[in-house]
Each structure stands twice: as C-alpha cells, then as structure tokens.
Amino acid sequence: MNTKIAVVGAGLIGRRHAAAVRAAENVELACIVDPAPDAQAYAASLGVPCLPDLGSLFASESAEGVILSTPNTMHADGALACISAGLPVLIEKPLTTDLASARVVVETAENAGVAIATGHHRRHNPLIARAKALVDDGVLGQIASVHGTTWFMKPEEYFEVDWRRRKGAGPVYLNLIHDIDLLQHFCGPVASVHAAESNVIRRNEVEETAVILLRFASGLLGTVNVCDSAVAPWSWELTARENPAYPATAEDCYWIGGTEGSLSLPNLTLWQNPGKRSWWEPISGSKLLFDFSDPLILQAEQFGRVIRGEEAPLVSGRDGFAALAVIEAVKLSAATGQTVEVDR
C-alpha cells in the first residue's frame, strides 16, 4: 500500500510538491488542502479531493502525512496543528518566519514524538551527496574558503501577490536560506554573520539584495551575495536544472576552496594541481558524474519512508531551525550594522 500524503497549499511550490508525490514511488497524493476556488479545479484535474482547511483534513483521516506549502507566515500554526493531530509533516522552507516560533515547532514535535522535516529539497539532489562525500573524504584538503552567488531577476508580476512584498518574503528568507542550508551541510555551523541589504531598486518592504560575511564555528570564512533584481545566470535555479520552469545555463553558483583542490557547483567540477600545489603550476578541472534524479521526487519518497518509520528525515526540523537561525542573524546584522552571533 502506498503512503498517503496531503499537500497543503496549492500555490507554485505546492503544485510542484503535488506533482512530485504523484511521480514518486511508494507514496500517493491523498488530497489538496486549500480554500482558493482555483485549487478546486486544480485538485479535480489530478483526480483528488480538495479540502478547505486542516480541520477538514484531520476529520477526513485521508492522509498519513502532510507537506505544508502555505505562505511562510502560516507555517508555524499549520505545523503545530499537524503535530497535534499526530501527522508527520514536511514544512516547506523557511521552517517559520521567526526563530522563536521555529523553536516551539521543533520542541513540540520532539516532545510529541512526531517526525518533522524541512523542505530544503536541494539536499536530496544526488550531486549534493557526491559533493558532500568529496568534502568528507578530504579530497579538497582543509576547506579554506567558500562562496555562493544567488543572482536572478524576479519579474514585476511576481510581486502582484501581496505577501511577496512584505517582511519575511524577500530573497533572504525565500532563496538565501537554501544556500545557507547547503553551506552549513558542507562546512558545519555558522557562528556569526555580518550583513548589509538594500531595497533601492523596487522600494518594496522586503530586501532585494543582501551581501553577507559568514564566520563558521571552525574558523572558516565564507561570503554569500543574493539579489533578485539582476538579470544574471549565477543562481542555483538557473544552473542546477532541477526545475524546467527556469532556463538552464552552464554556469556555477557555489565554490568550495580547499588546500588540495576546489569544487564548483552544480557542475561538480574538481580543480587540482596535478603536481606541486602552486599558482605557478598547471591546474586541471574534471567534471564528475552524478545522477540527475529530481530532488523533489526523491524528497517525496524519503518523506514516505519517514512517515512509515523506516528512517529519520534527511533534513530535520533541527536543520531547518539551524538555517533559519543564520537567516535571522543576517536580518539583524543588516538592520544594526553589527556582527551578530548565531542563536543555537
């Protein structure tokens, strides 16, 4: 029997989750939960019920787990409702919009013994697993520095949805948080940040550009630059070929530099000196092979195993909390101009 999963929220990401569940093995889409009129038509096109709210979902007992893909401000209440109902829940990132509510969600789930996962789907990408193995196996030597670039152009119609112009919906929360999760996955926890941000182009309530210095607990330094108002190819969306909605380029957006070699992602190119390590010596790059399986489908399959109690979440609630803690520190640093220690 397939494990039945409900998708709550039928917006852009909710529909991608629904498609992933339908394509994944050993799980099936139980229903869509969304009160919007167009959600009814969408659910009908998939041949599943559309329920108006979580209360109706719990009463129906039609799902064994929930993917929560509502607007960010609704994550905490929705997650707590699922936990109270005893339903494992995969919460689309960010876990919540503030660290206090995220802590409540994580601790409530742990105390109740209900599994929660965070929707940092990039961790399910096979290329990330390959890159992590290279780092862990010491192929790069000691990591010396890391950098991530997240530049793209969100069109004006994107902001016609009101919540996308409000606090908590800028590229720091919606996009950078994925990059932070991956950088911590590769390099360990971030200890402190120093950041600046700007909204000088669109003048929306949210930022459109942020530049961040990261100091990791290990002493490693890194930088990240995020901007959603630049026409550019250097972002995960336009390089990783995960989502056909974005045009694919051959560029990279992450660089991990080590004493024995460096790695660029997502092309998974390993750069090394064949002989002596020196900038005066020849350097060569090798593109490594990896599986192109859809990480959203892999995430849905893994969540099914979590629901069935076969394994722990690949990206836990604690992982989501850790990424959000860095993002909160980024926002506080940008507001105060001070270096901010990351809350753990």
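A: This is a predicted model. One place to begin is a helix pair: Leu99, Ala102, Arg103, Val106, Glu107 and Glu110 of H5 are in contact with Gly317, Arg318, Phe321, Leu324, Ala325 and Glu328 of H9. By class, this contact has six nonpolar, one polar and five charged residues.

Q: What makes H5 roughly antiparallel to H9?
A: Helix H5 (residues 99–112) and helix H9 (residues 317–336) pack at an angle of about 170°, and their axes are 10 Å apart. Angles over 145 degrees count as roughly antiparallel. The angle therefore makes H5 roughly antiparallel to H9.

Q: Why is Ala329 called buried?
A: Ala329, which lies in helix H9, has a relative accessible area of 4%. The cut-off for buried is under 20%, so Ala329 counts as buried.

Q: Which residues is Ala329 in contact with, leaving aside its neighbours within four places in sequence?
A: They are Val193, Val340, Glu341 and Val342. For Val340, which is eleven residues from Ala329 along the chain, the C-alpha atoms of the two are separated by 5.8 Å.

Q: How do you know that the buried residues of H2 are on the same side of the helix?
A: The buried residues of H2 (residues 37–46) are Ala39, Tyr42, Ala43 and Leu46. They cover an arc of only 95° around the axis, which puts them on the same side of H2. An α-helix has 3.6 residues a turn, so residues three or four places apart point the same way.

Q: What covers the buried residues of H2, and what is exposed on the other side?
A: The cover includes helix H1 (12–23), strand S2 (27–33) and strand S3 (50–51). On the other side of H2, the exposed residues are Pro37, Ala41, Ala44 and Ser45. Gly47 follows H2 and has a positive phi, near 75°.

Q: Is Arg203 buried or exposed?
A: Arg203 has 60% relative accessibility. Exposed means over 50%, so Arg203 counts as exposed. This residue is in the loop between strand S8 (190–198) and strand S9 (209–216). Arg203 is not a glycine, yet its phi is positive, about 65°.

Q: Is Leu268 buried or exposed?
A: The relative accessible area of Leu268 is 0%. With the cut-off for buried at under 20%, Leu268 is therefore buried. Leu268 is in the loop between S12 and S13, and has a positive phi of about 55° although it is not a glycine.

Q: Why is the chain called as compact as a globular protein of its length?
A: The secondary structure of the chain comes to nine helices and 15 strands. Its radius of gyration is 20 Å, close to the 20 Å that the globule rule gives for 344 residues, so the chain is as compact as a globular protein of that length. The C-alpha atoms fill a box of roughly 70 × 45 × 40 Å along the principal axes.

Q: How much of the chain is buried?
A: Of its 344 residues, 54% count as buried.

Methods:
Residues numbered from 1 in each chain as written. Predicted model: local features only at pLDDT ≥ 70, side-chain atom pairs only at ≥ 80, totals over all residues. Heavy atoms only, no water. Buried < 20%, exposed > 50% of the residue type's maximum accessible area, 1.4 Å probe, protein only. Helix = DSSP H or I, 4+ residues; strand = E, 2+ residues; numbered from the N terminus. Arc of directions from axis to C-beta. Contact = heavy atoms within 4.5 Å. Axes fitted to C-alpha atoms, helices over the stretch in contact; angles between N-to-C directions. Parallel < 35°, antiparallel > 145°, perpendicular 65-115°, else oblique. Nonpolar A, V, L, I, M, F, W, Y, C, P; charged D, E, K, R; others polar. Rg over C-alpha atoms; globule rule 2.2 N^0.38 Å.
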